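Here are my notes for your first pass through this model. Keep the structure open and check each point as you read.

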Amino acid sequence: SHKNQLGRVIEEQLQFDDAVDAVLAWARRTGRLDDTLVIVTSDHECGFLTGPERPSDWPISSDPPWWRAPLPRTPRGAMPEARWNSKKHTNALVPLAARGPGSRRLLEAADAVDPIDGAFLDNTELGTFLLELLSPEDERDDQAAGGR
């Protein structure tokens with residue numbers, strides 16, 4: 001997305017999906033699926049990639065927003081129509097997915113609210129969350145009680 005190259009985005013997304021699948025397959029194969037926390041996210045969004053254009057009958061204030069309108073169908077093997085709305089990093093929210101122990105606590109830590117997407121976790125809070133999750137239970141109890 002840094003260079004607004006749709007083909008590379010698709011290629012890299014497929015490779016990324018394969019990497020996540022490999023991690024989950026390893027956890028399954030080793031019997032660690034239930035005690036392995038897997039978090040998938042990004043540090044920022046680039047390019048604000050959307051469908052080709054805002055449909056004329058799609059009001060700006062609609063739910064879902066216009067940029068989530070379904071992409072027009074394209075023949076198999078053809079590149080989808082798309083539009084880059086920026087050549088830089090944007091402040092658009094990025095997905096955060098988690099599976100495993102602590103994933104529910106991660107959802108609970110999402111304390112900011114976007115009017116369209118709902119609850120979200122600021123990316124600068126993720127590291128703090130992970131440190132707290134990894135700290136021994138007695139330290140967490142001390143921190144909750146105002147200690148340290």
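1. Start with Asn4. At 18% relative accessibility, Asn4 counts as buried, because the cut-off for buried is under 20%. Asn4 sits in the segment before helix H1, which covers 6–29. Look at its backbone too: the phi of Asn4 is near 55°, a positive value in a residue other than glycine.

2. Remember what you are looking at. This is a predicted model. The average pLDDT of the protein is 85, and 86% of the residues score at least 70. Confidence is highest in H1, at 95. Confidence is lowest in helix H4, residues 137–144, where the mean is 56.

3. Phe48 also has a positive phi, about 40°, although Phe48 is not a glycine. Find Phe48 in the loop between strand S2 (45–46) and strand S3 (49–50).

4. Now go to helix H1 and its charged side chains. Arg8 and Glu11 form a salt bridge, at 2.3 Å from N to O. Why can they pair? Arg8 and Glu11 are three residues apart in helix H1, so about one helical turn separates them. Arg8 is partly exposed at 40%, and Glu11 is partly exposed at 39%.

5. Glu12 meets Arg8 in a salt bridge as well, at 2.9 Å from N to O. These two are four residues apart in helix H1, so they too are separated by about one helical turn. Glu12 has a relative accessible area of 41%, which means it is partly exposed.

6. The structure holds three salt bridges. One of them joins Arg32 and Asp35, whose closest N and O atoms are 3.1 Å apart. Salt bridges that share partners link Arg8, Glu11 and Glu12 into one network. Arg32 is partly exposed at 39%, and Asp35 is partly exposed at 44%.

7. Helix H1 also holds Leu14. Leu14 is exposed, with a relative accessible area of 52%. Together, Ile10, Leu14 and Met79 make a nonpolar surface patch of about 270 Å².

8. Finish at Asp114, in strand S7 (residues 112–114). Which residues does Asp114 touch, leaving out those up to four places away in sequence? They are Leu93 and Phe120. Leu93 is 21 residues away along the chain, yet the two C-alpha atoms are separated by 8.9 Å. The side chain of Asp114 also has a polar atom 2.8 Å from the backbone nitrogen of Asp117.

Technical notes. Residues are numbered from 1 along each chain as its sequence is written. This is a predicted model: local features need pLDDT of at least 70, side-chain atom pairs count only at pLDDT 80 or more; totals for chains, interfaces and linings use all residues. Side-chain values use heavy atoms; hydrogens and water are left out. Buried means under 20% relative accessible area, exposed over 50%, partly exposed in between (1.4 Å probe, protein chains only). Patches are made of residues with over 30% relative accessible area and no salt bridge: like charges are joined within 9 Å, nonpolar side chains (Val, Leu, Ile, Met, Phe, Trp, Tyr) within 5 Å. Accessible areas come from the Shrake-Rupley method with a 1.4 Å probe; for residues, only the protein chains shown count as cover. A salt bridge is a side-chain nitrogen of Lys or Arg within 4 Å of a carboxyl oxygen of Asp or Glu. pLDDT is the predictor's confidence in each residue, from 0 to 100. Contact means heavy atoms within 4.5 Å. A polar contact is a pair of N or O atoms within 3.5 Å; within protein, one must be able to donate a hydrogen and the other to accept it, and residues adjacent in sequence count only if both atoms are side-chain atoms.
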